Amino acid sequence: MRSFYHYMMRYRGNIQADEEKRLAEWMFEDHSFPKQATSYNEISSYLEWNIPFTNALTVFDRLYDAYQIEED
């Protein structure tokens, strides 16, 4: 299973400046982000402590659900 970080890199460079791109760009720029993580709890905890923008956790929850569907 690839990491959530790897899954999210598909949203980098999107022409449309949406929340998915915003989160992906932040993850790319944050050198402390757990780039090998696949666990919801590990990533969610990191985001709770280092929240990049107001609704980042909501965006993460939605994208993590899609990640699980695609990776299973």
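I looked up Tyr64 and found that, at 6% relative accessibility, this residue counts as buried (buried meaning under 20% relative accessible area, exposed over 50% and partly exposed in between, with a 1.4 Å probe and protein chains only). I note that the model is predicted, so that local features need pLDDT of at least 70 and side-chain atom pairs count only at pLDDT 80 or more, while totals for chains, interfaces and linings use all residues. Residues are numbered from 1 along each chain as its sequence is written, and side-chain values use heavy atoms, with hydrogens and water left out.

**Helices H3 and H4**

I then checked how helix H3 (residues 40–49) lies against helix H4 (residues 56–71), and I noted a packing angle of about 165 degrees with the axes 10 Å apart. Helices here are DSSP runs of H or I with at least four residues, numbered from the N terminus.

I listed the residues that make the contact as Tyr40, Ile43, Ser44, Leu47 and Glu48 on the H3 side, and Leu57, Phe60, Asp61 and Tyr64 on the H4 side, where contact means heavy atoms within 4.5 Å.

**Ser44**

I looked at Ser44 of helix H3 and found this residue buried, with a relative accessible area of 7%. Once neighbours within four places in sequence are left aside, Ser44 is in contact with Leu57 and Phe60.

**Aromatic pairs**

I counted 14 aromatic pairs, taking rings of Phe, Tyr and Trp (its six-membered ring) as paired if their centres lie within 6.5 Å, with planes under 30 degrees apart called stacked, over 60 edge-to-face and the rest tilted. Trp26 and Tyr46 form a tilted pair, 6.3 Å centre to centre with 40 degrees between the planes. Trp26 lies in helix H2 (residues 19–29) and Tyr46 in helix H3, so this pair ties together parts that are 20 residues apart in sequence. I recorded Tyr46 as buried at 16% relative accessibility.

Returning to Tyr64, I found an edge-to-face pair with Tyr40, 5.3 Å centre to centre and 70 degrees between the planes. Because Tyr40 lies in helix H3 and Tyr64 in helix H4, the pair ties together parts that are 24 residues apart in sequence. Tyr40 is partly exposed, with a relative accessible area of 32%. I finally noted that ring pairs link Phe4, Tyr7, Tyr11, Tyr40, Phe60, Tyr64 and Tyr67 into a cluster.

Conventions. Axes are lines fitted to C-alpha atoms, for helices over the stretch in contact, and angles run from 0 to 180 degrees between N-to-C directions. Helices (H or I, at least four residues) and strands (E, at least two) are DSSP runs, numbered from the N terminus.
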